[in-house]
Amino acid sequence: QVQLVESGGGLVQPGGSLRLSCAASGNIFSINVMGWYRQAPGKQRELVATITSIGSTNYADSVKGRFTISRDNAKKTVFLQMNSLRPEDTAVYYCKLDQGFPSLREYWGQGTQVTVSS
């Protein structure tokens, strides 16, 4: 089984920064994709950023230039550095891991709240 545990959420003022972490444990394959998604109240869950096991990244347009995703494969951990935060970034942030061949399986963390408010 795979478990994902997020940490690092909290309350921050507009323009501030936060760093999220997601530690994976269990049967983690060497080839996978990890990512961050978020869900604001009344909205659908949306992609924030993803990173492959070789470091290729993808970002939502709304966070490009402000957020940076990275990973430590040895520690099976993915990070999301969030700078220049805006009130519209307020959401529950979820970590996701995709792995497996030929059947791709997805795993989700429990989520961590990020609130951007003055």
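Predicted model: local features only at pLDDT ≥ 70, side-chain atom pairs only at ≥ 80, totals over all residues.
I started with aspartate 89 and arginine 66, and both are buried (under 20% relative accessible area with a 1.4 Å probe, protein chains only; exposed is over 50%, and partly exposed is in between). Residues are numbered from 1 along each chain as its sequence is written, and side-chain values use heavy atoms, with hydrogens and water left out.

**Salt bridges**

I looked up how the side chains of aspartate 89 and arginine 66 meet, and they form a salt bridge at 2.7 Å, N to O (the rule: a side-chain nitrogen of Lys or Arg within 4 Å of a carboxyl oxygen of Asp or Glu). Aspartate 89 sits in the loop between β8 and β9 and arginine 66 in the loop between β6 (57-59) and β7, so this pair ties together parts 23 residues apart in sequence. Strands here are DSSP runs of E, at least two residues, numbered from the N terminus.

Next I checked glutamate 106, which has a salt bridge to lysine 96 with the closest N and O atoms 3.3 Å apart. Glutamate 106 is in strand β10 (residues 105-108) and lysine 96 in strand β9, so they link parts 10 residues apart in sequence. Glutamate 106 is partly exposed at 46% relative accessible area, while lysine 96 counts as buried at 10%. I then traced shared partners: Arg38, Glu46, Arg66 and Asp89 are joined into one network of salt bridges.

Glutamate 46 is partly exposed at 37%; arginine 38 is buried at 7%. My count of salt bridges comes to 6.

**Disulfide**

How many disulfides are there? I get 1, taking cysteine sulfur atoms within 2.5 Å as the rule. The pair is cysteine 22 and cysteine 95, sulfurs 2.1 Å apart. The link is left-handed, with -80° about the S-S bond. Cysteine 22 is in strand β3 and cysteine 95 in strand β9, so the pair ties together parts 73 residues apart in sequence. Both cysteines are buried.

**Core**

I finished with the largest nonpolar core, which has 29 residues (buried Ala, Val, Leu, Ile, Met, Phe, Trp, Tyr and Cys joined through side-chain atoms within 4.5 Å). Leu4, Trp36, Leu80, Met82 and Tyr93 have the most contacts inside it. Elements giving it two or more residues include β1 (2-7), β4 (32-39) and β9 (91-99).

How values were computed:
Helix = DSSP H or I, 4+ residues; strand = E, 2+ residues; numbered from the N terminus.
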